[in-house]
Amino acid sequence: MRMASQVTMQSAPARTASESRSLRRRGGWGERAIELSIRAVALLSIAAILLILVFVGKEALPLLTSSDVHREVTFGSLFAPLKEAGGSAYTWQPVSEVPKYNVWPLIVGSVKVTLVSLVFAVPLSVGAAVYVSEYARPRVREIVKPAIELLAGVPSVVVGFFALVVLATWVQDTFGTEHRLNALVAGIGLSFAIVPIIFSVSEDALRAVPGSYREAALAMGSTRAQTVLRVVLPAAGPGIAASFVLGFGRAIGETMIVVIASGNAALLDANIGRSARTITATIAQELGEVVVGSAHYDVLFALGGMLFVATFVVNFVGERIVHGMRRRLGTTS
Amino acid sequence: MTAAVSPRASTLVGKIRHGDRALATLSAAAVVVILAMLAIIVLDVVRGGARTISWEFVSSPPRDGMTAGGVFPAIFGTVAMTLLMTVAAVPAGVATAIYLTEYASMQSPVARLVRVCVANLAGVPSIVFGLFGLGFFISTVGRGIDRFAYGGQSVYGKPCLLWSSLTLAILTLPVVVVATEEAIRSVPREQREASLALGATRLQTIFRVILPEALGGILTGTILAVSRGAGEVAPILFTGVAYYLPQLPTNLNDPFMSLGYHVYVLATQSPDVEKTKPLLYGTALVLLVLTFLLNLIAIWIRSRSRRRARAGV
């Protein structure tokens, strides 16, 4: 698809300067105004990213500057072990006599749930991508791809609800977990949400591998499986790695599934059978009840800001990998 | 050589065949599991919700502390919110796609930055959009309007329909941009050139030749955006949604109820889960049917317009 526009561009210099100037002048002032507004609106997405950064950051800023807030919490103390006697040194308990802000239980909760979801989603998604791009007949592909898109279309709150009433019971009966709602339930629920993205990025990567690679491997006597495992998958490797990265970014930012299904107890605990509280669920549950401008409010915005920066970096890295791979394989679209 | 295959060679062939089939079977199994995941979640919600769904359920407000009655206000709120969102997101998304395909050259640093931002906007966690909506639209824009136009009265500086819709519009912008861009790119170059050669201006070419041709893609993007927006909860948590309202929202600055939020609250804050379960399933089913219908329509339109593009019509 992109080829067509590249051809247009390559032929552009062939037009003489005066010709292209006259083409541009052809419209009147009204037309110029509309064109200008199209260009202006196009900058909206840049503005949106900047505004998110500025305004989430602005509400979090008192955490760095305000001495009022510092009496309760500082940016550094979010990560430092608590000194007060009694209880764990890593406690998230913002609503108590002495508010305790330690973010490690939340970070561990987010990472725990995300890793569980990747463990379930990665083999399924990559397997399905291999099948669809290497084995499936076109007819099958035309059914499977929309079906997986449809899975992406299930609202996350519905997935969360399903995890709450169906998955949680099943997980407890099967694994005998300590808490009914836990990181395992939330992670499995989350895998519903990230299978589509990992699948589609992996499948794109596999299909970006030129047919000549496969033909060469088959011509040298490889079987289909050898071709896939030793030629196609390595060639598409970066793209598939990128799909994990993008899936990770999607999972760590997901809110509604984990807030419903994870149990929400902030425990610093590697056990996936126990309740977990993620960064996103913390914001969703606590922001509605805090006083605007309080230390707690600022801390929640700081958590959101960190989440934003983390997913931005993760997504950026993922996109770069995909681009790099495509350029190397010479398939731009 | 063909005449006598040694026993060793034949077992090797057997092993290879075996491995070959194993990979095909395993990867097919992955597809089956994913399809089963989709089927299980859909069937469970349909089975659980079918008993609750009735005309009364979709047309009347909740009663008896959310244990009886219907979800009409939540349906109304969801529709109002997504309509407003569409009005904001679609023109902006289409304009961005036009800029990227028709005005900017591939090497333009601005266009590349726009592309990076669109891609990253799609990856911003939805809860961060909620924080942004609160920090920007409500605390800054809304309060600003109140200060200048209403003498400090709280009219727009509070959670309401308008701010939720605009927050969602930014969240769904990438969906519209990506679908529209693909559609515009698939319009044959000859059509552009023919239009320009006939003396049309660039803008006339865009509005009379390219956009009509790309309409299917724009529609697909719009529907997908609506479906995405209708199901989102995290961005509207702090920007306008309410658990229960006796009246339907009539103004832009009214709070509203939404299906997704209704599911969330019933699922997490109900004192008696067994009693609200039928209502919960019913609400989830209405939401699922709404988003699925939209998705199916989008998939159908897209596959039709892709097939037409391939056929060169």
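**Figure 1. Helices H4(A) and H15(A) cross in a left-handed sense.** The model shown here and in the other views is predicted. H4 covers residues 44-60 of chain A, and H15 covers residues 295-329 of chain A. The two helices pack at an angle of about 150 degrees, and their axes are 7 Å apart. On the side of H4(A), the contact is made by A:Ile52, A:Leu53, A:Val56, A:Gly57, A:Glu59 and A:Ala60. H15(A) contributes A:Asp298, A:Phe301, A:Ala302, A:Gly304, A:Gly305 and A:Phe308. Sorted by type, the residues of this contact are 7 nonpolar, 3 polar and 2 charged.

**Figure 2. Chain A meets chain B through 78 residues of chain A and 74 residues of chain B.** Which helix gives the largest share of the side of chain A that touches chain B? That helix is H4 of chain A, with 11 residues. By type, the side of chain A that touches chain B holds 52 nonpolar, 16 polar and 10 charged residues. For the model, the scores are ipTM 0.89 and pTM 0.88.

**Figure 3. The largest nonpolar core contains 193 residues.** The members that touch the most other members are A:Val158, A:Phe161, A:Ala163 and B:Val263. Helix H10 of chain A, residues 183-208, supplies the largest share of this core, 17 residues. In soluble globular proteins, nonpolar side chains tend to be buried together. A closer look at A:Ala163 shows contacts with A:Ala168, A:Val185, A:Ala186, A:Ile188, A:Gly189, A:Ile257, A:Ile260 and A:Ala261, leaving out residues up to four places away in sequence.

**Figure 4. Chain A has 15 helices and 2 strands.** Of the 333 residues in chain A, 48% are buried. Among contacts in chain A with a separation of 6 or more, 75% join residues 24 or more positions apart.

**Figure 5. B:Ile41 lies in helix H1 of chain B, residues 7-50.** Is B:Ile41 buried or exposed? B:Ile41 is buried because 23 other C-beta atoms lie within 10 Å, and the cut-off for a buried residue is 20 or more. Leaving out residues up to four places away in sequence, B:Ile41 touches A:Val154, A:Val159, A:Phe162 and A:Phe192. B:Arg143 is 102 residues from B:Ile41 in sequence, and the distance between them in space is 42 Å, C-alpha to C-alpha.

**Figure 6. B:Ala119 sits in helix H4 of chain B, residues 109-121.** Why is B:Ala119 classed as partly exposed? B:Ala119 has 19 other C-beta atoms within 10 Å, and a partly exposed residue falls between the cut-offs of 12 or fewer for exposed and 20 or more for buried. With residues up to four places away in sequence not counted, B:Ala119 touches A:Asn315 and A:Glu319. Between the C-alpha atoms of B:Ala119 and B:Val177 the separation is 9.8 Å, and these residues are 58 residues apart along the chain.

**Figure 7. Mean pLDDT among the elements of chain B is lowest in strand S2 and highest in helix H6.** Strand S2, residues 68-69 of chain B, has a mean of 77. For helix H6, residues 161-185 of chain B, the mean is 94. Chain B averages a pLDDT of 88, and 93% of the residues score at least 70.

Key. Residues numbered from 1 in each chain as written. Chains lettered and ligands numbered in written order. Predicted model: local features only at pLDDT ≥ 70, side-chain atom pairs only at ≥ 80, totals over all residues. Contact = placed C-beta atoms within 7 Å. Helix = DSSP H or I, 4+ residues; strand = E, 2+ residues; numbered from the N terminus. Nonpolar A, V, L, I, M, F, W, Y, C, P; charged D, E, K, R; others polar. Core = buried A, V, L, I, M, F, W, Y, C linked by C-beta atoms within 7 Å. pLDDT = per-residue confidence, 0-100. Axes fitted to C-alpha atoms, helices over the stretch in contact; angles between N-to-C directions. Left-handed = near helix turned anticlockwise from the far one by under 90°.
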